[in-house]
Structure formats: structure tokens, C-alpha cells
Amino acid sequence: MMPLPDLVQNLPYLLPETERLDMLRLARTNGVGPINFGRLMCLYGQASVALDALPERMAAAGRSDGVHIPSRSDIEDELERLRKMGGRAILRSDPDYPVLLTHVPDAPPVLFIQGDAKKLSVRSIGVVGARNASSAGIRMSGSLSTELASAGLCVVSGLARGIDSAAHEGALPWGLTVAAIAGGLDYFYPPENAKLQAEIAEKGCIVTEAPLGTVPQARHFPRRNRLIAGMTQGCVIVEAALKSGTLITARLAAQYDRILFSVPGSPLDPRSRGGNDLLRHGAVVTENAQDVLNQLGLHLPPRNPAPWEKGSPQKREFSGFSEPGVRWGNSQEDVPEDLQSVLRKVRPLLSVTPVAVDDVVRHCQFSVSAILTALTELELGGIVEFVPGGRVALLPNR
């Protein structure tokens, strides 16, 4: 087996190994989500510098229990475990990071993959739907995915029961399928899909933003849905109830300017009401693969560099943290007297139910950048978390 240092050096990475390890440490630090990761990198330029500043920042944000930053040896051990199971970590700035995901504003800073990374950056389509799918829905998902894969599209889905499983199985003979999962690569969920997950890892690719050891929980699935929406040119909804996780994927796809497709269903079946409602609001009626192929572009956009890759640290745009010398807005009037005045206004607007950051802004008299600064400080303090779709929520018991 190739030792870890040689493995790292022989992969097509653009960053030195030490900086890669520090970026992984930063991404794995509690309180540092995708939004904070980007702001820290923009502000400090290097992950090592951001890590040095992080404990003081979290203390200032009211984090009394300290901050756990994984050591380099912790990350090296995890990378070794990944390697032994045929997986690896790819950073937002790596050339094999999914190209369409680089155009998503809250793209995860690190992904863990198992399989062929090239499948992450080809023309692709999401196919998702109900877990308790009808036999007709399962048949439609499988046959549609077979047609799409035979036409050269990679089918991306969430490896759930029902529609998702049928989508993967339909595309698997061509090796053109990617499964976005909610837990770590070392967990099979649902358990009955263990064999299917292993086959996808062999012929296609498994991708997650959850590190090894993460047991899938309900709060992880919106992040899985973000991957499906962000990695694809469009998303096909086969069956979905009016209030379902599938519609979270549809909403994210719309926010990311992806094309929404929906298979019409019987108005008498509750599993069709969500998809039919999408059709009423402009989704493309989908009865066969050609309905999808007619709408998709033939070429993907170029990779969008990460914000911290654009110019020197002094020239990078930054709209977060109460950093001395960093302007919060476009005029002196945008700058409040102190951060606490913003926090006092913002915190009562938050709850454990995610709310759009835009809604928080509308109810405050401060500038957008000042409010983002306050929310960022609260996230670093372990009080709130940013969730996909430009929303924020209080963490339980906070």
C-alpha cells in the first residue's frame, strides 16, 4: 500500500500538504460551517493563521467551553482510515471538486468520496422522490434513469428507499451514478442498501460532507439534499408529498438556478401532490428522458475559484466578523457602535426552526454585513448554525 505522504503528494492537489491538513482541521472544527470557513479563509488567507485566531474569536463570541480543533495527527489518521476503505477527502479548492458545486454560495469546504471523482464533474441530473413510493413511481424512476444514463448523463440521488434506490439501480449498469449520503462513508443507510452502496462506490461515486463515524440523523439530510441540488444541472421529482424532504431538494435546486422537472401523478395520490404543485409553478413536465435532455445544456461552466483563491488576502472581499479595520458596510452609518447592539436585535428573531437570513435582515435596522457578522459570531459561539438555502437556526438548548 502507498504510505499516506506519498498518496497525498501524488494526487492532483494544488496546495502544500501542511496547508491541506490545516484546511481539513479548520473545516472539522466545531462551530465552523461552510459560511464561516469561507469568511475565515478570506480574512486570514491561510488555514494555519485562521486556526491560531479561532480560540480567541470563539471566546469573544461567548463560547465558554472552549473550541476543539483536531490535530494534524488526528486528520492524518482519518485520511489513512479513508484510504484503507478506498476513500479520500477533496477540498473546495481541489481540481476534482464537483465543478457545479463550486457555483453554490454555501458549498461545503470539504467532501469525503469513495469511487471515481470524475463522475462528480460530468453532465448530471438529480432524480429524487418518495421513500414510500408507489410501484409505478419506482418503475418510472428506474426506466427514466436508465434512459438518461444511456444518453450519457450521470444520475445523482440520495440512496434512500423507493425512488432514489430505483434511480441508482437504473443508471448503475453504465457506471453513471453518484450517491450523496447523509452520514459517514463507513455507515450504510438504509441498511438494506449496503450492497447497492458498495456497487456505486465500485462503478460510480459516493459523496458526503460528513466525516467518518457520523451516524445519519435527521438534521444531516438537508446537507445531503444540497449536494444533490448543487452537483447537478437539474433535478427530476418523481413522487413527493406536499411536505417532504424531496421538496427541500427541489427548493434548493431552484435557489441554485437549476432546472426543475417533475413527473405528473394522480391527484388522488398524496405522494404526487408535491410534484404536481411544482408543475403548477413552472417545473418541466417529464414523461421520458427526452423531456430532460431537451432542456439541459451540453457543456458545464468552468470551475468557479473559491473566494479565498481570488487575489491576495488584503484584496479579498470580506463581510463577516467584527474585525478591527474591516468595514461592515459601504458607509460609516452602516457601522453600529458595537457588536452587542446587533446581537441584541438579531437573537430574538431566531428559533430552532430555520429562518431565512433575508428575513432577519428585513426586521433589523443594521446593514446586511453587520447582521452577517453577528450571525457568524453566534455560529462560532455554538449558538446558531447556518443551514442550506441561506437560512439560520438556533441550536437546541441554546
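**Ground rules.** I'm working with a predicted model, where local features need pLDDT of at least 70, side-chain atom pairs count only at pLDDT 80 or more, and totals for chains, interfaces and linings use all residues. Residues are numbered from 1 along each chain as its sequence is written, and side-chain values use heavy atoms, with hydrogens and water left out.

**Cysteines.** I looked for disulfides (a pair of cysteine sulfur atoms within 2.5 Å). My search of the whole structure turned up 0.

**Salt bridges.** Here I wanted a side-chain nitrogen of Lys or Arg within 4 Å of a carboxyl oxygen of Asp or Glu. I got 16 of them.

- R88 pairs with D96, with 2.6 Å between the closest N and O atoms; both residues are buried.
- R271 bridges to D269 at 3.1 Å, N to O. R271 is partly exposed at 25%, while D269 is buried at 16%.
- D359 and R362 come to 2.0 Å at their closest N and O atoms. D359 is partly exposed at 27%, and R362 is exposed at 59%.

**Network.** I also noted that salt bridges with shared partners link D22, R25 and R72 into one network.

Conventions: Buried means under 20% relative accessible area, exposed over 50%, partly exposed in between (1.4 Å probe, protein chains only).
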